[in-house]
Structure formats: C-alpha cells, structure tokens
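Reader: I would like to see how the labels in a structure description are reached. Could we go through some of them one by one?

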Amino acid sequence: MRVTRRGFFQAAGGAAGAAALIRGTLAKAEQAGEDLRRWATPEEVLVPSICQQCPGGCGLMVRTLDGEAAGLSGNPLHPINRGALCPKAFGGLQLLYDPNRLKGPMARAGERGRFRPIGWDEALSTLTARLADLRAKGLSHTVAILGGQYRGYRDTLWKRFAEAYGTPNYIRVRCLPPERPALAHQLMQGVTTPLSYDLGEAQFILSFGAGLLEAWLGPVHVSQAFARLRRSGERPRGRFVQVDPRRSPTAVKADRWVPIVPGTDGILALGIANALIREELYDKEFIERHTFGFDDWVDQRGEHHEGFKNFVLKEYGLLAVSAATGVPVRTILEIARDLGTTKPALVIGERGPAYGADDLHTRMAIHSLNALVGSIGGRGGLLIQGELPLSPLPAIRQDEAAKGGLLHPRIDGAGRGQYFLASDASQALPDRILGATPYPINALLLFATNPLANHPAKEAFAKAFDRVPFIVSFSPFLDESSSQADLILPDHTYLERWQDDQVTHLAGFTCFSLARPAATPLHQTRNTADVVLQIAKALGGSTGRSLVWEKFEDFLQERVRGLYEAGRGYVVSAPAEESLRRILERQGYWTSEFKSYDEFWAALGTRGAWWDPTGLPVSLEALHTTPSRKFEFYASGLKRLVDEAVKRDGTGEAFVQALGGRDRGDLLYLPAVAIPAVREPGAFPLRLNTYRLMSRPTGGGRNQPWLLEQPAVHVRATWEGWVEIHPKTAAEVGVKGGDWVWVESAKGRIRLKAKLYAGTLPDVIHIPLFGGQGASPNDLIANETDPFRGFGLLNTTRVRLLKA
C-alpha cells in the first residue's frame, strides 16, 4: 500500500482529532460525575431568619443547599418560639419560589394594567426625577407613602425618608400595631410603650375576643405560654375563659366559652365590674393606693364628679347587661367570682380590629377589670418591658423644602377632627384623594400593602387611584394594587433580604432579631430598604443628608452597636449557657461574651437574635404616668386632649362627637359604653363577624397553596371560602351544609359555600378573612368610621342569606 504525502497528513490529522474528541468526552464525563457528586452531597448551611407571615416574629432556620433555600424550621435558640412554628411559617418557601413573582422592574405601557420590563437604572431615575420635580415646585407634601403591617427599622427608614423629603403623609394600613401601646393603656395609665400580658404566670385569664391560639400577637409564643398555664408543676392548673361570638379554636381550648352579641364586650365587662363591686371581690388595697376616679370626687373648682363605682352600680345592672349581651346573669356572676378570687388574674381586651363604633370606651371598660383585681405591675398580670437599647439615630437635617412640606396637614386627617387620637386614618384616604382635600395627591408610593383587595374601602381606593397621576408599588407580585401602578420596583421576599424585628410587647424579655439573606435573590429584585437609601442619595438636599447609609445592612450594623454597649442582655445561645448566665446575673455578675463589636455582630448574624431575659424592674408608679400618677378610671389625660382639640382649631367638635358628644358629660372620660336600644331585624337580620385563621398569613397568602390546603377542621373546609351558619338559621332559609349561598349586605353580595356550625349565636354568621380562593368579606363590609384606629369596622355589618 502506497502512502502519499497528502494521505499521511490526513491520517495524522484524523488521529489527532479522534484523540481530542476522546479527551473532550472524558472531560465532560468527569464534569458530569463531579456535578452528580455535588448534587448528591450539596453544601448544607443553616441560616437564621425571621418569619414575616404574621406579627409573631418567630425565629427561623433556613436550610440552604449550595446557597438555595430548601427547607424551613424553627430557630431553637430564639426566645419567641424556641424552635416551634405554626403552619404559616412553612409557606415562606412558596412565597420565595412563586412562579408569578415579578422578575424585575416594570413600567406602565399605555393604559394602566399594561407593563413593559425596564432596568433598575431607568426605574430609579424615573422615580427620582418625579420626586425631585415635585419637591422643586414646593409640592413635596403631595407625595403619600402608604405602608402595611410591618415593624422595626423598615418603618423607621420610611418615616425618616418622609420627614427629610418633606411630606407629612407616611400613612400605615394596619389593624394590629403591637409596637405601640394600646390607646386605653395610654389614657388610663399614661404608658408610652406596649404593656405585655404575662400569660404563662397567670392563674386565671379572661379574654374578650382575642384569638390567643390562632392569629393574635403570635400564636406560637402564646401557645407555649398557654401550655405553662395548663401544665406547670409549680402551681395548680390555671383556668381560661374566652368571650367570643364564635366557638373558635381558642374558645374550644378554654375552660369556658361565653358566646356574646358582637360589639357588646364593653357592656359585659362593666357588668362583671358591677358584680365584683357588689360582692366586694375587688382589690381594695390596690384601688385605694393606686387608682383615681373610683369613688366620687370633687375637682379644684369645687365641682362634684361621679366615680366609676357608683356609675357602674347605677347603670350596669346584671339584668340589663344580660339582655344586651346575651350572656346569662348566672354566667356573669360566676366569671366575676372566679376573676375576683383567683390570683393572679389577667383580663385581655386586645382584639385586633375594633370591637365596634365605641371601641375606645369598650377597651377602657375591659382594662378597668385589671385594675379592679390589682393585676397591673405584678407577676401574672400586665408588665412593661422597656425600650431596646439600640443606638440612636442622628437628628434629621431638614432644609427649607422639607420644613415647608411638613407645615401642611396630613391628607388622611389623622391627629385632627374625629381622627384626633388615630395615628393613621387609611379609611379616610380615598375620599380625601377624590376630593383633593386639603390638597391633591400627585404621587403615591405603596409598600407592603394591597388596599384594593384587603381594605373595606377597596372600591373607594380603586376610584382614588384613578385620580393619582403617578403610583409606585414595591410589591414583588402583580397584585390588585400593583397592577394599577405606573412603576413597580419589586422588593425581595423576606428570605432574600436583610431585615430586623423588634419585640417589646411580650412578657419577660425584650428581643431584637436580625435576619441576613438566606438565599441568593432569584430575580432582578432589590431590598426596598436599599432602594429608599438610593433614592435619598439621588435626591440630595436634606433627604440625602439624613439617609447617608449605602446599604440597609450598614444602617442595621450602626444601630445594633447600642445592644453591644448596653451592658445587659445576650446574643441567644444554648439553654445551658443561658441558665449559667442567669445564675451569675442573679448574683450581680454580668460579662460580655465578646471582645469586640465585630465579634458581637458576627454572632448575632449566625444565631439570629439578642435578648434581655431579665426585663426591667418597674414600680407601680412607673407604670402609672398619668397626671395623678395613678391608674385613672376617670381619664384626665383624655379630658386634657379634648380641651386641647377644641381650642386648637375648628375640628375639635368632630372629635367630641366621635367620643359620644358633649351631652355625655363625664361619661366621655369614664369607661362608659352605651347599652344599645332593641333593634328590629329589618332587611338585613343577621350580624356579620369576621375572623382570622391560624393558617393564613397577613395579607391572605392566596399564592401559598400549602396554606390554602390547611383545613379549618371545625367545619372541614379548605381551599375555597365559606360562611359559618347556625343550623337553626340555615333551616329557616332552606340551606343545607355544602350548599352555595348568597351573603348580601347593603354594600354588595358574595357567593360562598355554607358550613353549618352550632358554635355561634343563631343571628350571627361568620366569614374568615382570607379564608380561601374566591369571594372576600371585604365586598360586604361598609367603610364605617373607625375614629380611634382609622382602619374601619370589620364586625358591625348586617347581612342576609339567600340560597344560590
């Protein structure tokens, strides 16, 4: 065989190519094997985080595999939940991996509801240019920021931005603000920080509608306290009474369920007070030494005032109270005797939404029972924890534009007129935008809120949105409200961002939680806190000078230094170490675990929380900072506020009318709740009561199928919404369990599946808020004035049933 020169080179080239191909195939095979080994044995890291599904603030441990979140569990070191979680927490993964999340910034394309994707540079420059233009024209006050249910330094950052930019309109949409003291506590005790309920150390608990084991301040922490009430080996088993229109899971776990006509809780509380006083079961020493206004008294001008005691004995006889509330006289007496003879006892009047139109006096009436039995300032009663020792923020440096903007009144009217005592009045915002009262809104920023779905005034909000020329949403989803925005700058979900949580409302400790990103962001989203800082820097002026931090992480690190320098408290650690520290602290020893702040910061990031388990010893005098330095049955602070409102401007009379009118006299300042007149059923004979499920997060969670699948076991319901009807009521309208029914109010109607439930009064029906997919009770609820919270009344609407 003859080999030519060309043939030789062709053969050599073919052999070299074959060898290269073989080497490439082998390299690919080796890479595939390496990928398989990494897939089978990924790097597993547990990252602490904070659950944001409700106000509970439970600590999480996020299981990450090669940097991707793969599982959630409770942080065993965290003092709020000690490793336990409720069902809501596990929906966090579905929130993170929701396929419908926005992938990046979006800008309106044509009519509202249509969008085009844009980059972050364009999005930020668009927003900054609009805000700068309004500020340059002296219209900074026409920018409104509408925020939802959150707390901690995100709230602080938004508030600081508003003040530095020059708008008074940072408005919160919330039913339950645990970071603030209850208004009744402020007026009757003068406290400026939240009081905490020492549930675990109480021997008798009387709750007026608070869903302690469902969706109160935090179901996990409360459930653990409830377990101590029931199982403590150090004392007899505690007793628990739940007053509630519905036999809720909390009522099922109670020793006694007391069904009540919705909105009459304050009347029942005063009936119990009547029985305590008549049978002399109240704490006479506490009343004599630490209260004002219990007995009749004479003021400095010589005018006589009727005291709480005689007023209650005269106006709240047990027969009248029973007729108004539906609670038998015998039950009222038995509750009063248990409350007056069991120590320590605790009365809870902190239902999330308003009790009714007379919400303030209702809460004052309930809180007066704590004073009557001397449950303020002692173990098993109401306590105060003090403030977290965080580093203070530097003063805001306002320029003339900011000062000029802040001279304008708030658009929602909070702090004036009928909303004089409300910190926010979101329910008034739509009408004021529509009427341009007292000025038009030129830009609206939406953060962590969806008023077009979750507010009773959602129809009015929809009309108001049409009047606002520029709306910006920071929602990570295209929800009902963000779909009407002109610009969407999507936030990270809470497993992707730096954030904090500050807890001072739970008994026995104060706590600061820190979460670092547990997962690499899946999309082109950004932490809104970082975006606020970027916008402030771009705006310059007093806004830029007042928010100088590059990132939210830097802001947090600067504030947390105060915890390190406080000389008290600890970064959470193993129980054995904490027990040793407590022993040493009782003997007067406290030493820092860390040699430097950098070590402290690193430990906080890997363990998840700092806490002070000892609390702060507070005297009864410190718990009563009213003008009299006592618990005030006659709220002289409220009297002073009324006088101030009337003198300040022409809106004060509206505030007096919200309290009940001048013809009530001293009753404005006493825990006086009017007994309603008997009302004819009329066209809408049934009362609507709404409630929250433990398995539904704040905002609804309709994009979290695991939670929608969680059953409401008392009616065997899941996925779809439902209405709970007493069997007698259902029979009267020809409805059987599982039938579809129309629930109608004067506002509208919705179609729901009927669930027959004997755990209710016959003239009351119950619909869960965010119960499932489909119709919402917000389509029924009228936007009735809520002068003390400014959100709306969720349980005063009357309805009727029709078979669908």
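Reader: What makes Lys747 partly exposed?

Author: The model is a predicted one. Lys747 has a relative accessible area of 31%. Buried means under 20% and exposed over 50%, so Lys747, at 31%, counts as partly exposed.

Reader: How do you know that Lys747 forms a salt bridge with Glu459?

Author: The closest N and O atoms of Lys747 and Glu459 are 3.0 Å apart. The cut-off is 4 Å, so the pair counts as a salt bridge. It links distant parts of the chain: Lys747 lies in the loop between strand S27 (740-745) and strand S28 (749-756), and Glu459 in helix H17 (residues 458-467), 288 residues apart. Glu459, with 34% relative accessibility, is partly exposed.

Reader: Which label does Asp486 get, buried or exposed?

Author: Buried: the relative accessible area of Asp486 is 10%, and the label needs a value under 20%. Asp486 forms a salt bridge with Arg108, where the closest N and O atoms are 2.6 Å apart. Arg108 has a relative accessible area of 34% and is therefore partly exposed.

Reader: Why is the pair of Asp486 and Arg108 said to tie together parts of the chain?

Author: Asp486 lies in the loop between strand S18 (471-473) and S19, while Arg108 lies in strand S4 (residues 106-108), so the parts tied together are 378 residues apart in sequence. A search of the whole structure finds 46 salt bridges.

Reader: What makes Arg789 and Asp359 a salt bridge?

Author: Their closest N and O atoms are 4.0 Å apart, and the rule asks for a distance within 4 Å. Arg789 and Asp359 also belong to a network of salt bridges with Glu350 and Arg363.

Reader: How many salt bridges does the rule find across the interface of domain 3 and domain 5?

Author: Two. The contact takes in 22 residues from domain 3 and 22 residues from domain 5. About 1800 Å² is buried between these domains, and carbon and sulfur atoms give 59% of this area. Of the area that domain 3 buries against domain 5, Arg246, Pro262 and Ala354 supply 30%, more than any other three residues.

Reader: Now the rings. Why is the pair of Tyr197 and Trp216 called tilted?

Author: The ring centres of Tyr197 and Trp216 are 5.8 Å apart, and the planes stand at 55°. The centres are within 6.5 Å, so the rings pair; planes under 30 degrees apart would be stacked and over 60 edge-to-face, so 55° leaves tilted. Tyr197 and Trp216 are both buried.

Reader: And why is the pair of Trp498 and Trp601 called stacked?

Author: The planes of Trp498 and Trp601 are at 15°, with the ring centres 5.9 Å apart. An angle under 30 degrees counts as stacked, so that is the label for this pair. Trp498 and Trp601 are both buried. The structure holds 29 aromatic pairs.

Reader: How do you know that the charged end of Arg130 sits over the ring of Phe470?

Author: The charged end of Arg130 is 4.3 Å from the centre of the Phe470 ring. The distance must be within 6 Å, and the direction within 35 degrees of the ring normal. Lys284 likewise lies over the face of Tyr282, at 5.0 Å from the ring centre.

Conventions
Residues are numbered from 1 along each chain as its sequence is written. This is a predicted model: local features need pLDDT of at least 70, side-chain atom pairs count only at pLDDT 80 or more; totals for chains, interfaces and linings use all residues. Side-chain values use heavy atoms; hydrogens and water are left out. Rings of Phe, Tyr and Trp (its six-membered ring) pair if their centres lie within 6.5 Å; planes under 30 degrees apart count as stacked, over 60 as edge-to-face and the rest as tilted. Buried means under 20% relative accessible area, exposed over 50%, partly exposed in between (1.4 Å probe, protein chains only). Contact means heavy atoms within 4.5 Å. Buried area is the accessible area (1.4 Å probe) that two parts lose on being put together, summed over both. A salt bridge is a side-chain nitrogen of Lys or Arg within 4 Å of a carboxyl oxygen of Asp or Glu. Helices (H or I, at least four residues) and strands (E, at least two) are DSSP runs, numbered from the N terminus.
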